[in-house]
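This report describes selected local features of one protein chain, to be read beside its sequence and coordinates. The model is predicted.

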Amino acid sequence: MVKFARRFQDKRKMDEFNHFEMGQRLAEALLLEVDPDAIAQERKGSEKVAPFTRACSEAAFLPGGLHYCRFWSSPALFPLGYSEDMISRDVVTEVQEPQLSYARVEVDKYGRMSSLTMLSAEETPQAWRFAGLVGQSVSYLNELVDRCDVGLVKDMRKFLLEDWAHALFHDRFLSLRQQLETAAENSEHMTALIETLWRRVKNGDMSASEVGLTDTALTGDTKTVVQDGLNNFLELNSNHLNIYLTAARSYDIQSNNIWAQTAEKVGLVVGDVPDMSNSL
């Protein structure tokens, strides 16, 4: 049992939060008390109530050989309290053949993934990684909701395991998000745009989940900053994210493309299909 000291007067229930994160915060607080080298500033900071923001999770191996896992957002994402009307919609995919695969995503009214549930006959590799998707805007998920609505994604679990999603699971992706969001917030255009959209949401003219790409399109310098930040992130982490095409890799491909160099010599252009008679 873990609870806050009475002097904090914090009424949060500990069983609603990520237990691993609670243990980590508790260990950090104890370390400052027993470590003689802890400076006074660190001790003062430890007297504040720790925030718990990580997603919660549960997993089980069910009868019938089914693998179950569920991830849901921390109550910290809803500072005004959680209620059923916080969920604007859910997205479900279910495949029976050749193996059962069921997935369900709940999207809150702020356009974030609120929970993810998966049930499948096949074990999901490194399923714990999916906890990092909870709390993120669904706009990061490669148009997942729209693709499911029109039937392009039949199996949401497999879709989230495809190569395009590798960057979402990288341990530095959260830092990238914060960097890009800060850059967008510092833009005068984006500041005015956010204020206008938030005013419309507060007046009931629209919900946050109805804000579309045309409403939040980046322009000018902000777009360049976001593109550069994303490109730098992929370049710095290329040892794990080498499947993505960056500006540097694109240049290397073009400069080292033997077909392009040979095609130019014989008067063809890249994209032409050579006949067998072409002496390349």
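Although Glu 143 is not a glycine, its phi is positive, at about 55°.

Asn 142 is placed in the loop between β5 and α3 as well. Its phi is near 55°, again a positive value in a residue other than glycine. With a relative accessible area of 28%, Asn 142 is partly exposed.

How many of the 8 residues of β5 are buried? The count is 8 of 8, so the strand is largely enclosed by the rest of the structure.

Strand β5 pairs with β2 (residues 66-72) in the antiparallel sense, over 6 bridges. Within this part of the model, His 67 has Ser 120 of β5 as its bridge partner. Strand β4 (residues 101-108) is also paired with β5 in the antiparallel sense, here over 7 bridges. Opposite Ala 103 stands Met 118 of β5. The hairpin of β4 and β5 has 4 residues between the strands, and Gly 111 in this hairpin adopts a positive phi near 80°.

## A cis peptide bond

The bond joining Glu 97 to Pro 98 is a cis peptide bond, with omega near -5°. Pro 98 is located in the loop between β3 (87-95) and β4.

## Helix α1

Helix α1 comprises 16 residues (residues 19-34), which at 1.5 Å a residue should span 22 Å; the C-alpha atoms at its ends are 22 Å apart, in agreement with that expectation.

Which residues of α1 are buried? They are Glu 21, Met 22 and Leu 32. These residues cover an arc of only 105° around the axis, which puts them on the same side of α1. The face turned away from this buried side carries the exposed residues His 19, Phe 20, Leu 31 and Val 34.

## Helix α5

Helix α5 has 13 residues and reaches 18 Å from its first C-alpha to its last, close to the 18 Å expected at 1.5 Å a residue. Its buried residues are Phe 173, Leu 176, Arg 177, Leu 180, Ala 183 and Ala 184. Viewed down the axis of α5, these buried residues fall within an arc of 130°, so they line one face of the helix. An α-helix has 3.6 residues a turn, so residues three or four places apart point the same way.

## Aromatic pairs

Across the whole structure, 5 aromatic pairs are found. In one of them, the ring centres of Phe 17 and Phe 52 are 5.5 Å apart and the planes lie at 55°, so the pair is tilted. Phe 17 is in the segment before α1, and Phe 52 is in the loop between α2 (40-46) and β1 (56-62); the pair therefore ties together parts that are 35 residues apart in sequence. Phe 17 and Phe 52 are both buried.

Phe 130 and Phe 169 have ring centres 5.4 Å apart and planes at 70°, so this pair is edge-to-face. Phe 130 lies in the loop between β5 (113-120) and α3 (144-149), and Phe 169 in the loop between α4 (156-160) and α5 (173-185), so the contact ties together parts 39 residues apart in sequence. Phe 130 counts as buried because its relative accessibility is 0%, and Phe 169 counts as buried at 16% relative accessibility. Ring pairs also link Tyr 140, Phe 173 and Phe 233 into a cluster; Phe 173 is one of the buried residues of α5.

## Charges over rings

Phe 169 also takes part in a contact with a charged residue: Arg 129 lies over the face of its ring, at 4.4 Å from the ring centre. Elsewhere, the charged end of Arg 112 sits over the ring of Phe 78, 5.4 Å from the centre.

Methods. Residues are numbered from 1 along each chain as its sequence is written. This is a predicted model: local features need pLDDT of at least 70, side-chain atom pairs count only at pLDDT 80 or more; totals for chains, interfaces and linings use all residues. Side-chain values use heavy atoms; hydrogens and water are left out. Helices (H or I, at least four residues) and strands (E, at least two) are DSSP runs, numbered from the N terminus. The expected span of a helix is 1.5 Å times one less than its number of residues. Buried means under 20% relative accessible area, exposed over 50%, partly exposed in between (1.4 Å probe, protein chains only). The arc is that of the directions from the helix axis to the C-beta atoms. Rings of Phe, Tyr and Trp (its six-membered ring) pair if their centres lie within 6.5 Å; planes under 30 degrees apart count as stacked, over 60 as edge-to-face and the rest as tilted. A charge sits over a ring if NZ of Lys or CZ of Arg is within 6 Å of the ring centre and within 35 degrees of the ring normal. Two strands pair if DSSP finds at least two bridges between them.
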